[in-house]
Amino acid sequence: MLYLAALLVHCVPLAMAQYDICKSWVTTDDGPSWEFYACQPKAMRMKDYVTVRVDPAGITCGDPPERFCTHENPYLCSDECDASNPDLAHPPKLMFDSEDEGLATYWQSVTWRRYPEPLLANITLSWNKSIELTDDIVITFEYGRPTIMMLEKSLDNGRTWHPYQYYADDCMEAFSMPARRVRDLSTTSANRVLCTEEYSRWAGSKKEKTVRFEVRDRFAIFAGPDLKNMDNLYTRLESAKGLKDFFTVTDLRMRLLRPALGGTYVQRENLYKYFYAVSNIEVTGRCKCNLHANLCTFKEGSLQCECEHNTTGQDCGKCKKNFRSRSWRAGSYLPLPNGSPNACAAAGSAFGNCECYGHSNRCSYIDFLNVVTCVSCKHNTRGQHCQHCRLGFYRNSSAELDDENVCIECNCNQIGSMHDRCNETGYCECREGATGPKCDDCLPNYYWRQGCFPNVCDDELLLCQNGGTCYQNQRCICPVGFKGVLCQQSRCEADKQDCDGAPGARGSPAALALAVLALQLPGWVDL
Ligand SMILES: *[C@@H]1O[C@H](CO)[C@@H](O)[C@H](O)[C@H]1NC(C)=O
Ligand SMILES: *[C@@H]1O[C@H](CO)[C@@H](O)[C@H](O)[C@H]1NC(C)=O
Ligand SMILES: *[C@@H]1O[C@H](CO)[C@@H](O)[C@H](O)[C@H]1NC(C)=O
Ligand SMILES: *[C@@H]1O[C@H](CO)[C@@H](O)[C@H](O)[C@H]1NC(C)=O
Ligand SMILES: *[C@@H]1O[C@H](CO)[C@@H](O)[C@H](O)[C@H]1NC(C)=O
Ligand SMILES: [Ca+2]
């Protein structure tokens, strides 16, 4: 309770921060209108919205029922864990309930009966939403803190994981890392992943129960020890690459690698006192809404930003339909104190009447033509309003004009096609003999060899003669004594001298017969 109160007091400077309104109705010289500001939701107790998973299967104690004891009372193993008895069960949800006065409720693992096989457990917290941490992550262990553990995080709903912090009573031995403290980090190393020995040493299981991921100490590097200078922090969050993302998570995972040992080596004769017990996991943060929302609500099992500035999406990460005349941008903390909303603009509202469908942020007035035109159209678009596709691209008919993927590359085969342009359905213009949408196939009776060429021979009409064989439709391989494109010509007939000198050639009745036959075939021309 005392600790919770302390946490609430701690939260105050962050809770009353600026950036808490997205717009206000103001009166200017031109009359009343809305004014827009960068805005973000308040920090919340994120454990109320989390789903938890504990691995491996069977790591939670009580199935079958099991006795355990504590380091303080190692020979009185009278405590019992029994999953089938609500009073003696220790399911994962007890890490997230609110602790009433009196006894702590906690998740508990099986004991280390399989020693020396390591006792490993993963506790994975998932929000299905990007969260920006605003205060320390505090994990409370009963009966002693692990001697080795690791905190990991994911930014993509658990697809990829990254180390967040290492914890060990001996960092060198456990992780081959020097022990460091977050307080000793500097402005250039504020997002360093480090190993700390501060939360893993044995100090009696009642005295020091918490393991922290120190968000406040890292903020304090910029905002000062009492976080009074938040402006400086916000400035840094905008300018220092990767700093914002460092404090952003969608999932967290505690990898428990070795339980508390009671300040001594493992005593094999009493393994009932080695286990993990976690009574609370406090995660304080706000929904990441890209500074486009000041409310975040729990709907259909997930947190959702209530997007303003005509943005939409779970994190307000894109412009609403019909509000895409410029590309989406996150709001900015700068300039202080109200920041920039970087709102999405309705089609037609930006720059007078110059619509660029979100493919350009700039328009320019061309004096001698008296037109306003979009400058540097992106996404392979071109035209006054970036409404056409660049040469070599064609329009994706199922995409809106303001879609980033509206123009698709023609991809015409360089050899098979006349040029690299295509028609509205992506068809290229083919050279003779080539076919297919990209001109990378040949018509029947053509073969591919750096382009399409008419077949020289085949198995139907253009047969090789005199026992010649057709090689890849490109040429006939003729037997000795014959030549010509289809081996239709006897060497003797073409060149009498050659023939006279060749012993046996003239005398062969078979060769003679074939030569006569070839001559008698109608239509043979001397090639
Ligand atoms: C815990 O998660 C890590 C990946 O983050 C995985 O490599 C490891 O096998 C998991 N351990 C258990 C006991 O499930
Ligand atoms: C995660 O959130 C998205 C967007 O709110 C929702 O569509 C999806 O069903 C959620 N997934 C899970 C596993 O809850
Ligand atoms: C968003 O669009 C509405 C019209 O639907 C408009 O009244 C409002 O001013 C726009 N807000 C911003 C921030 O551009
Ligand atoms: C065309 O656009 C639709 C809608 O954005 C998209 O799903 C599809 O993948 C695009 N097609 C191609 C070939 O890129
Ligand atoms: C594009 O060319 C293909 C092949 O010549 C043709 O079938 C198609 O109708 C053409 N599409 C358009 C929109 O002209
Ligand atoms: Ca609890």
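A residue counts as near a molecule or strand if one of its heavy atoms lies within 4 Å of it. By that rule, the residues around ligand 2 are N128, S302, Q304 and Q314.

Some housekeeping first. This is a predicted model, where local features need pLDDT of at least 70 and side-chain atom pairs count only at pLDDT 80 or more, while totals for chains, interfaces and linings use all residues. Residues are numbered from 1 along each chain as its sequence is written, chains are lettered from A and ligands numbered from 1 in the order in which they are written, and side-chain values use heavy atoms, with hydrogens and water left out.

## Two ligand sites

Back to ligand 2. Sort its shell by class and you get four polar residues, no nonpolar ones and no charged ones. (The classes: Ala, Val, Leu, Ile, Met, Phe, Trp, Tyr, Cys and Pro are nonpolar, Asp, Glu, Lys and Arg are charged, and the others, Gly among them, are polar.)

The table lists polar contacts, meaning pairs of N or O atoms within 3.5 Å; within protein, one must be able to donate a hydrogen and the other to accept it, and residues adjacent in sequence count only if both atoms are side-chain atoms.

| Side chain | Ligand atom | Distance |
|---|---|---|
| N128 | oxygen of ligand 2 | 2.4 Å |
| Q304 | oxygen of ligand 2 | 2.8 Å |
| Q314 | oxygen of ligand 2 | 3.4 Å |
| N423 | oxygen of ligand 5 | 2.3 Å |
| T425 | nitrogen of ligand 5 | 3.0 Å |

Ligand 5 has N423, T425 and Y427 around it. Taken alone, ligand 5 exposes 360 Å², and the protein buries 39% of that. Accessible areas here come from the Shrake-Rupley method with a 1.4 Å probe, and for residues only the protein chains shown count as cover.

## Disulfides

Next, the cysteines. A disulfide is a covalent bond between the sulfur atoms of two cysteines. Here, the call is made when a pair of cysteine sulfur atoms sits within 2.5 Å, and the count comes to 18 disulfides.

Take C289 and C305, whose sulfur atoms are 2.1 Å apart. Their link is left-handed, with -90 degrees about the S-S bond. C289 lies in the loop between β16 (284–287) and β17 (296–299), and C305 in strand β18 (residues 302–305), so the pair ties together parts that are 16 residues apart in sequence. Strands (E, at least two residues) and helices (H or I, at least four residues) are DSSP runs, numbered from the N terminus.

Both C289 and C305 are buried, where buried means under 20% relative accessible area, exposed over 50%, and partly exposed in between (1.4 Å probe, protein chains only).

C430 and C439 are also bonded, with their sulfur atoms 2.1 Å apart. That link is left-handed too, at -90 degrees about the S-S bond. C430 is partly exposed, with a relative accessible area of 25%, whereas C439 is buried at 0%.

C457 pairs with C470, S to S 2.2 Å, and their link is right-handed, with 85 degrees about the S-S bond. C457 is buried at 0% relative accessible area, while C470 is partly exposed at 28%.

## Strands and sheets

Now for the backbone. Strands of a sheet pair through backbone hydrogen bonds, either parallel or antiparallel. Two strands are called a pair if DSSP finds at least two bridges between them.

Strands β1 (residues 23–28) and β2 (residues 31–36) run antiparallel and are joined by six bridges. They form a hairpin with two residues between them, and S24 stands opposite E35 in β2.

Four strands make an open sheet in the order β7-β15-β9-β13, with antiparallel pairing. β7 (107–108) and β13 (210–213) stand at the edges with a single partner strand each, so one side of each is left without a neighbour in the sheet. Within this sheet, β9 (residues 137–141) and β15 (residues 277–282) run antiparallel, joined by four bridges. T140 has N280 in β15 as its bridge partner.

One more cysteine: C374 lies in strand β22 (residues 371–375) and is buried, with a relative accessible area of 8%. C374 and R362 are twelve residues apart in sequence and 5.9 Å apart in space, C-alpha to C-alpha.
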